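Subject: Structure handover

Hello,

The structure is below, and my notes on it follow. Please read them alongside the coordinates.

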Amino acid sequence: MRRPEGRPVVDADLCTRCGRCVRVCSVNVLQPDEEGLPVPDGEAPCFVCGQCVAVCPAGAVSHPVMNPEHFRDLLPAEEGVSPRLLFDLLRKRRSVRNYTDEQVTEEEMMQLVEAAVQAPSGLNAQSWHFTIIQDPQELARIRRRIAAIYLCLLNMLEGRVSRFMLRLNVGAEAIATLEEARPLLEDIVEAQRSGGDRLLWGAPTLVVVHSPEDDPTGIESAHYAVGDMMLMATAMGLGTCLIGFLTAVAEHDERLRGFLGLPEGHTLDAALVVGHPDVEYLTSVDKRAAAINFI
Ligand SMILES: Cc1cc2nc3c(=O)[nH]c(=O)nc-3n(C[C@H](O)[C@H](O)[C@H](O)COP(=O)(O)O)c2cc1C
Ligand code: SF4
Ligand code: SF4
């Protein structure tokens, strides 16, 4: 795991012995000494989560791997985002499939990544990687390759022998999924043939999120990061759309992995297009009632 190593340092002169930093440390790194001064004597390794730094009202805790120049005071609860505004933002995020030609700037992309990395991650591993593809020729190459893969799969579904071979390879369930998605796959292939784009929806930017496969929660954590990224994009007036049709095939195709800059030993966790929406959503709509169990 690439998490940096280090333990917090407590300034004994500033510390008021309130005990907050001890209470928030989930792995008991900080232990009060006989006088109540927290000392980093716990046995477990420090997660480098910074919670001890963030709760100290006296500014007495520092962490050697964290730069205080990057810290920002958080708004007090009464001035922060209201549930009403947040809920509006959540409803405003839609999968945008119409984009203008305007490119997303590097600065905007950096803001999105900055939002993404605020997400929770298993063992605070933060193992996510973001590959940002904005070169139109690279995007076209990726689209071409995916359309070719889907065309090949569609052709295999047609022939009796090839369908049987495919079924042996991927299983009956995957065949059923392919059948269900067939009209969409045909659309992707047809659009590619006629100069359209029903895969990346003409978006000028593609973000591929990947993580080392030896991180047991890498994929899950990456998904939370992408969720944050989508919300931040919505707040910035940008549009996003997850591209599962890319993720579904890219991991198993070496050429595509290369086009996407996926390193050896990384899982492809999500693909997201970003751009300036050429459509405005004026109202929220019904989502289906969730299946809920109170126990
Ligand atoms: C895992 C996942 C994969 C998706 N893949 C695609 C995709 O390949 N192409 C696409 O246009 N939308 C894709 N979507 C977007 C869904 O179709 C969309 O979220 C859903 O229809 C609800 O609409 P909304 O996002 O506008 O609320 C994907 C969504 C998820 C969560
Ligand atoms: S950084 Fe996190 S894990 Fe490390 S001592 Fe502080 S609260 Fe505990
Ligand atoms: S939170 Fe700050 S003031 Fe309170 S015990 Fe920890 S170091 Fe001391």
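**Ligand surroundings**

The classes are Ala, Val, Leu, Ile, Met, Phe, Trp, Tyr, Cys and Pro as nonpolar, Asp, Glu, Lys and Arg as charged, and the others, Gly among them, as polar.

Before going further, note that this is a predicted model, in which local features need pLDDT of at least 70 and side-chain atom pairs count only at pLDDT 80 or more, while totals for chains, interfaces and linings use all residues. Residues are numbered from 1 along each chain as its sequence is written, and chains are lettered from A and ligands numbered from 1 in the order in which they are written.

Ligand 2 has 14 residues around it, of which C25, V29, C46, C49 and C52 come nearest. Its shell consists of eleven nonpolar, three polar and no charged residues.

Around ligand 3 there are 14 residues, the closest being C15, C18, R20, C21 and C56. That shell divides into ten nonpolar, two polar and two charged residues.

**Domains**

The chain is divided into domain 1 (1-74) and domain 2 (77-295), with bounds that come from an automatic or database domain assignment. Their centres, taken over C-alpha atoms, are separated by 37 Å. Six residues from domain 1 and five residues from domain 2 make the contact, two residues being in contact if their C-beta atoms, placed from the backbone, lie within 7 Å. On the side of domain 1 that touches domain 2, four residues are nonpolar, none polar and two charged.

**Helix packing**

Axes here are lines fitted to C-alpha atoms, for helices over the stretch in contact, and angles run from 0 to 180 degrees between N-to-C directions.

Helix α4 (residues 106-116) and helix α8 (residues 218-235) have axes that come within 7 Å and cross at roughly 135 degrees. That makes α4 oblique to α8 (angles under 35 degrees count as roughly parallel, over 145 as roughly antiparallel, 65 to 115 as roughly perpendicular and the rest as oblique). Q111, L112, A115 and A116 of α4 meet A225, V226, D228, M229, M232 and A233 of α8. The residues of this contact are eight nonpolar, one polar and one charged.

For helix α6 (residues 160-170) and helix α7 (residues 172-193), the axes come within 7 Å and cross at roughly 120 degrees. α6 is therefore oblique to α7. The contact pairs L166, R167 and V170 in α6 with A172, A174 and I175 in α7, giving five nonpolar, no polar and one charged residue.

Helix α5 (residues 136-158) also packs with α7, at an angle of about 135 degrees and with the axes 9 Å apart. These two helices are therefore oblique to each other. On the α5 side the contact includes R143, R144, A147 and Y150, and on the α7 side L178, L185 and E186 are among the residues. By class, the contact of α5 with α7 has ten nonpolar, one polar and three charged residues.

Regards

Notes:
Near = placed C-beta within 6 Å. Helix = DSSP H or I, 4+ residues; strand = E, 2+ residues; numbered from the N terminus.
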